[in-house]
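Please read the following briefing alongside the sequence and the structure, which are shown just below.

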Amino acid sequence: MLTTYHLLWTMRVETPLELNDSPGTALRGALFTAIWRRFCTNKQARTCLECPLLQVCPVSALLAPADDPQAPTLQRLNGQPWGRDIPRPYVLEPPLEGGRRYEPGEQLVFGMTLIGRRVELLPYVMLSSQELESQGLGRPLPENGSPPRRGQLRIEQIEAYHPFSGERQLLYRAGARQVTTPTLAVQAKDVRQRAQTLPERHVSLTFLTPLRLIRHGTLCKEPDFATLAQRLLERLELLGLAYGNADEARTLAQQRGRLLELASAVRCEQHTTRWQDMPSYSRRLRRATPIGGLVGQATFVGELAELRELLVWGELIHVGKDVVKGDGWYRACHSLEADVHTPSLSVHKRE
């Protein structure tokens, strides 16, 4: 249904840099600003939706995509037209240390996943790197000048990596004149193979970044497998329609009822989750918005055999609110006691 491309950015801090408890918010804001400054050709437009270049602009396609009302393939699975907004074709995987201070010489490493055919936008992301370096990151700090300035950093390298095997491919190194096209990617067969390694009766999920799910208009403050599965199905279907194989997305939609019936019978056997509150400032709304959610581990028990592939897709595309800011990132494993430093996470840990 989808192909996902996973990128790893390694950056060297040059002046003191501080990130708050939601580093994904800072990274998403920096990425948006860098690409907008470099490639937006109509900065007078208040929003992408009001811009006449909406359907041909790489900035909109990556950061604020909207469907074409005339396109017959972009329809919701229940037959109703989409709204103007469609899912963003990327997610971020922020540093797992959370808010912290980086001193000059330290490395800052984060991940980015491009979804489906939108890997074609990778050159725009890469070419925005100079803008990202010049604008800085994190809180403005008085030790960086007057007025206070954000921490400066420079990109050392960008790699593609496979989150299941740990294999890496160097795409760019500082000073190089060329960028390599990524050939490492996760495809449906990789998802099936990983799913078969998970137990059929019990599975533990480690929520690495806040999982923010809404059930009947209310936040889920305890692990709820049925809601998790429902949101995953909705997200995977919509991403498949927009950026993958639409026919396979429709096939998945036909299976939705049976999969949700299975998910409704899965229960949480034990968990060590906690609610983590985090604010995120919205430039569009001009106010802070909450993006907190559940972090920790939960073990689920039930008939999971047919749900394992869905759970593996969730590892790749994330689930819930604010996935473009790094939320909803989890890992599946055999038991609650399993080591969370799996190969897919180790690529974010560098000596």
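In which loop does Pro147 lie? Pro147 lies in the loop between strand S6 (137–141) and strand S7 (149–151), helices (H or I, at least four residues) and strands (E, at least two) being DSSP runs numbered from the N terminus. This is a predicted model, in which local features need pLDDT of at least 70 and side-chain atom pairs count only at pLDDT 80 or more, while totals for chains, interfaces and linings use all residues. Residues are numbered from 1 along each chain as its sequence is written, and side-chain values use heavy atoms, with hydrogens and water left out.

**The chain overall**

- The secondary structure of the protein chain comes to ten helices and 18 strands.
- Of the 351 residues of the protein chain, 53% count as buried, where buried means under 20% relative accessible area, exposed means over 50%, and partly exposed lies in between (1.4 Å probe, protein chains only).
- Among contacts (heavy atoms within 4.5 Å) between residues at least 6 apart in sequence, 72% join residues at least 24 apart.

**Strand S17 and its partners**

- Strand S17 (residues 293–301) has eight of its nine residues buried, so the strand is largely enclosed by the rest of the structure.
- Strand S10 (residues 202–211) runs antiparallel to S17 and is joined to it by seven bridges, two strands counting as paired if DSSP finds at least two bridges between them.
- Strand S13 (residues 267–271) is also antiparallel to S17, with four bridges, and strand S14 (residues 274–276) pairs with S17 in the antiparallel sense over three bridges.
- Thr299 of S17 is the bridge partner of Ser204 and also stands opposite Gln270, whereas Gly293 of S17 stands opposite Gln276.

**Helix H7**

- The buried residues of helix H7 (residues 246–254) are Ala246, Ala249 and Leu252; they cover an arc of only 115° around the axis, which puts them on the same side of H7, the arc being that of the directions from the helix axis to the C-beta atoms.
- The exposed residues Asp247 and Gln254 are carried on the face of H7 turned away from its buried side, while what covers the buried residues includes helix H6 (225–243) and helix H8 (256–264).
- Asn245 caps the N-terminal end of H7, with a side-chain oxygen 3.0 Å from the backbone nitrogen of Asp247.

- Arg235, which lies in helix H6, is buried yet has no salt bridge, and the nearest side chain of opposite charge, Glu234, is 10.0 Å away; a salt bridge is a side-chain nitrogen of Lys or Arg within 4 Å of a carboxyl oxygen of Asp or Glu.
- Leaving aside neighbours within four places in sequence, Arg235 is in contact with Pro87, Val91, Ile115, Ile317, His318, Val319 and Val323.
- Val323, placed in the loop between helix H9 (308–317) and strand S18 (330–333), is buried with a relative accessible area of 8%.
- With neighbours within four places in sequence again left aside, Val323 is in contact with Val91, Leu92, Arg235 and His318.

**Backbone features**

- A cis peptide bond, with omega about 0°, joins Ser146 and Pro147.
- His216 is not a glycine but has a positive phi of about 55°; His216 is found in the loop between strand S11 (214–215) and strand S12 (218–219) and counts as exposed at 78% relative accessibility.
- His318, also not a glycine, has a positive phi of about 65°, lies in the loop between H9 and S18, and counts as buried at 0% relative accessibility.

Methods
A polar contact is a pair of N or O atoms within 3.5 Å; within protein, one must be able to donate a hydrogen and the other to accept it, and residues adjacent in sequence count only if both atoms are side-chain atoms. Lys and Arg count as positive and Asp and Glu as negative; His and the chain ends are not counted.
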